[in-house]
Amino acid sequence: MNDPYVLLVLGSIPGHISWLLWLGNNIHAQAWPRRLIKALGFVINSCLAAGSVAAVLWIVARGLDLSPTLATPGNSLAHVTALLGRWNVPLPFELRIYVDLCAINVFFGFLPWLLRRIQRTDPDVLLSDDTVVHDLRPALVPPTTHSLYGRLMSTLPLNEVLQLAVQTKRIAPPRLPAQLAGLKIAHLTDVHLTGIIDRRYYERAIDLVNEAEPDLVLLTGDLLETESCWDWIPTTLGKLRARHGVYFIFGNHDIRVDHEETRRRLIAAGLIDVGIRRTTVSIRGIDVVLAGTAMPWLKPAAPMDDCPPRNNGREFRILLSHSPDQLPWARLHGFDLMVAGHVHGGQIQFPPLGPILAPSSYGTRYASGTFHEPPTILHVGRGLSSKLPLRLFCKPEATILVLERPVSRTSQ
């Protein structure tokens with residue numbers, strides 16, 4: 001192995017993979033035409049696979065010294081030697097530049113991402129996180145109404161698509177008025193009524209949420225994908241109950257059908273639309289501002305420039321956003337809590353690193369979980385379902401957020 005570029009090419013492979021994944025995540029976070037996004041995704045995936053395979057073949061060809069005496073005509077080793085010989089060529093100047101850039105990206109892209117994943121800890125504002133996993137497969141014993149495709153996918157080994165994690169998280173927003181201590185907020189996102197998974201899965205999930213007796217229910221988009229599921233609304237989302245209302249916004253999948261009709265049916269079922277608007281609810285004498293945004297797919301965001309200033313600690317602001325990418329906007333407008341979805345927790349995770357794919361301009365940084373970016377606490381749900389009925393090490397999720405007063409470290 002006399003070519004020093006062999007080690008450089010080997011080391012550059014993570015950089016090649018990571019920057020293409022970053023590019024793919026960012027493209028899928030845009031509100032571009034679906035055909036364009038799919039075409040670009042195909043190109044990126046092709047480059048990712050072809051580049052990685054080509055690099056490995058070149059490394060093997062340059063690094064192996066197959067003895068000619070072993071590669072006698074007619075045996076399989078001769079064919080391998082001939083194949084590798086085609087790759088045993090110096091790298092062109094253009095490819096050397098690309099390899100150098102990928103090697104640089106290892107240090108400025110891949111390794112920082114890896115360190116963030118390894119060193120990630122829960123924020124101080126997350127006081128506790130209790131999870132109860134409900135296996136909903138027994139509730140879907142035959143006869144079933146979901147598709148053959150859904151039945152086949154749900155029986156794949158390790159597929160957790162029918163195992164619902166109900167998480168109860170106690171969080172302590174720094175500016176929480178004392179009157180709101182103990183307030184329970186149910187957060188559901190990415191419901192994806194597609195007809196692929198049986199209706200009873202959603203009905204049981206809704207029952208589990210209602211059993212928590214939440215004060216508010218917040219739905220952050222991608223609720224319904226096909227007109228055939230309009231009739232499901234009364235027995236699924238329409239059964240959600242909360243003392244101070246059930247609020248919803250749309251996501252990018254919702255606008256692929258007649259979302260105005262979807263909106264009409266949701267409102268008829270008792271849900272309250274806060275997409276591209278805001279409303280104020282009085283809870284325990286405190287003004288709770290609820291605003292929604294489905295940017296960049298539905299414009300504009302809720303008007304906040306004319307929102308009255310905070311009233312001496314007697315206000316609490318909550319943003320329903322489909323994507324976590326609206327976090328800077330939430331911070332700019334002083335939201336205390338932001339709930340979002342869209343990224344499904346990556347949908348497929350690789351323990352212990354977690355997800356590698358997430359349609360967000362932040363990549364996988366906010367793929368799921370609770371984060372504190374002052375003054376805003378961000379909670380990103382993994383979603384109740386998905387268009388592709390496949391989840392590996394990433395269970396569907398329904399979350400109950402319990403608001404608590406901040407506790408100083410000295411008193412803990």
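What percentage of the 412 residues of the chain count as buried? The share is 50%, where buried means under 20% relative accessible area with a 1.4 Å probe, protein chains only.

The model is predicted, so local features need pLDDT of at least 70 and side-chain atom pairs count only at pLDDT 80 or more, whereas totals for chains, interfaces and linings use all residues. Residues are numbered from 1 along each chain as its sequence is written, and side-chain values use heavy atoms, without hydrogens and water.

**Overall form**

Eight helices and 15 strands make up the list of elements in the chain; these are DSSP runs, with helices (H or I) of at least four residues and strands (E) of at least two, numbered from the N terminus. The C-alpha atoms fill a box of roughly 85 × 55 × 40 Å along the principal axes.

**Nonpolar cores**

A nonpolar core is a set of buried Ala, Val, Leu, Ile, Met, Phe, Trp, Tyr and Cys residues joined through side-chain atoms within 4.5 Å. The table sets out two such cores.

| Core | Residues | Some members |
|---|---|---|
| Largest core | 40 residues | Leu164, Tyr201, Leu219, Leu237, Leu240 |
| Another core | 25 residues | Leu126, Tyr247, Ile286, Leu401 |

Leu164 has some of the most contacts inside the largest core. Leaving out residues up to four places away in sequence, Leu164 touches, among others, Val132, Tyr201, Leu208 and Ala398; contact means heavy atoms within 4.5 Å.
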